[in-house]
Amino acid sequence: MTNILEFLTADKNMSTMLRAVRSAGMDTDFEKEGAFTLFAPGELAFNKLGNKAIAELLRPENTFKLAGIIKDHLVLGKKRISDLRDGQILKTVSGKELKVTINQFGRVMINGATVQSRDGTASNGFVHSIEMLLQVPAL
């Protein structure tokens, strides 16, 4: 079974997220054994920022800021979408809180970001693609 880094590498919808992980120097963090859940912004989410903002964010001098943004999307523990409950609060590795909302149609949102694809399985956790960044960086 692949780890989260390998999962991101194989998924074309995660190409910018993969570049962000690598630019932040977090490659090995996503290769480690453990139990993680990554609410990963997909290409749609990054496209909302625009090419100029993405390029700025990926600059070497923004490594620390970028790592913080990624950590705001990462939760300890393996959580499938079916494990989540409406109103549940998840704590990210950076200490931020993420609120789970599930509407009457079963659509799951994390801090207002709709989950687009779910339960991407990796040896060290799950990856759920979301349609926007949970923290929009100030550049």
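User: What relative accessible area does E131 have?

Analyst: E131 is buried, a class defined as under 20% relative accessible area, with exposed over 50% and partly exposed in between (1.4 Å probe, protein chains only). The model is predicted: local features need pLDDT of at least 70, side-chain atom pairs count only at pLDDT 80 or more, and totals for chains, interfaces and linings use all residues. The relative accessible area of E131 is 13%.

User: How many residues apart are K48 and E131?

Analyst: Side chains of opposite charge can pair when their charged atoms come close. K48 and E131 form a salt bridge, with closest N and O atoms 2.7 Å apart. This pair links distant parts of the chain, since K48 lies in helix α3 (residues 43-49) and E131 in the segment after β7 (125-130); their separation is 83 residues.

User: How many salt bridges does the count come to?

Analyst: A salt bridge requires a side-chain nitrogen of Lys or Arg within 4 Å of a carboxyl oxygen of Asp or Glu. By this rule, the number of salt bridges is seven.

User: Which residues are linked with E56 in a network of salt bridges?

Analyst: E56 has 33% relative accessibility and counts as partly exposed. Its salt bridge with R59 spans 3.9 Å, N to O, and R59 is partly exposed at 39%. The residues linked with E56 in the network are R59 and E61.

User: Within what arc do the buried residues of α5 fall?

Analyst: Helices (H or I, at least four residues) and strands (E, at least two) are DSSP runs, numbered from the N terminus. In α5 (residues 63-71), the buried residues are L66, A67, I69 and I70. They line one face of the helix, because the directions from the helix axis to their C-beta atoms fall within an arc of 160°.

User: Which elements do the buried residues of α5 pack against?

Analyst: Packing is judged by contact, meaning heavy atoms within 4.5 Å. The elements in question are α2 (15-23), α4 (51-57) and β2 (74-76).

User: Which residue in the turn between β5 and β6 has a positive phi?

Analyst: Two strands pair if DSSP finds at least two bridges between them. Strands β5 (residues 108-110) and β6 (residues 113-122) run antiparallel and are joined by two bridges, with I110 partnered by A113. They form a hairpin with two residues between them. The phi of about 50° in its turn belongs to N111.

User: How many bridges join β6 to β7?

Analyst: β6 and β7 also form a hairpin, with two residues between them. A122 stands opposite G125, and T121 has F126 as its bridge partner. The strands run antiparallel, and the number of bridges is five.

User: Which residues point the other way from G125, V127 and S129 in β7?

Analyst: β7 is mostly covered, with six of its six residues buried. G125, V127 and S129 point one way. The residues pointing the other way are F126, H128 and I130.

User: Over how many bridges do β1 and β7 pair?

Analyst: Within this pairing, L38 stands opposite V127. Strand β1 (residues 36-41) and β7 pair in the parallel sense, and the number of bridges is six.

Terms used
Residues numbered from 1 in each chain as written. Heavy atoms only, no water.
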